[in-house]
Amino acid sequence: MKTIGALFYILKNPSYLKPDRICKTVCDINLEELKGLGIKYLALDKDQTITAQDGFEYFNEDIKQWIGKAKITFGDKNIAFLTNTSRYFRSFNTSFDPVIR
């Protein structure tokens, strides 16, 4: 229920969905800074951010390590991977394991 409440809160405050920073790679995002700002949840685009389009392998080792650090910083239940490729959604999101099979 806590997650649903957070989702409704974001939907009522759409300004939270507008980025105020642009990074070249997800690894440029400072996780400790986000946590310090009171951010509790992360939503990340899977395709072309974490993996290749429709892929399951990380783009590189740096991204894999950053995801592991995000898991430690925010907790695996507070991180969501988003994809518009529905056939891959279930298998990618069933566990937040830094080793994607």
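I looked up Lys69 and found it partly exposed at 41% relative accessibility, where buried means under 20% relative accessible area, exposed over 50% and partly exposed in between, with a 1.4 Å probe and protein chains only. The model is predicted, so I kept in mind that local features need pLDDT of at least 70 and side-chain atom pairs pLDDT 80 or more, while totals for chains, interfaces and linings use all residues. Residues are numbered from 1 along each chain as its sequence is written, and side-chain values use heavy atoms, with hydrogens and water left out.

Lys69 meets Glu32 in a salt bridge at 3.4 Å, N to O, the term standing for a side-chain nitrogen of Lys or Arg within 4 Å of a carboxyl oxygen of Asp or Glu. Because Glu32 lies in helix α2 and Lys69 in helix α3, the pair ties together parts 37 residues apart in sequence; helices (H or I, at least four residues) and strands (E, at least two) are DSSP runs numbered from the N terminus. Glu32 is partly exposed too, with a relative accessible area of 42%.

I searched the whole structure and found three salt bridges. Another of them joins Lys46 to Asp47, with the closest N and O atoms 2.8 Å apart, and here I noted that Lys46 and Asp47 are both buried.

Turning to the strands, I found β1 (residues 42-45) running parallel to β2 and joined to it by four bridges, where pairing requires at least two DSSP bridges between two strands. Asp45 stands opposite Leu82 in β2.
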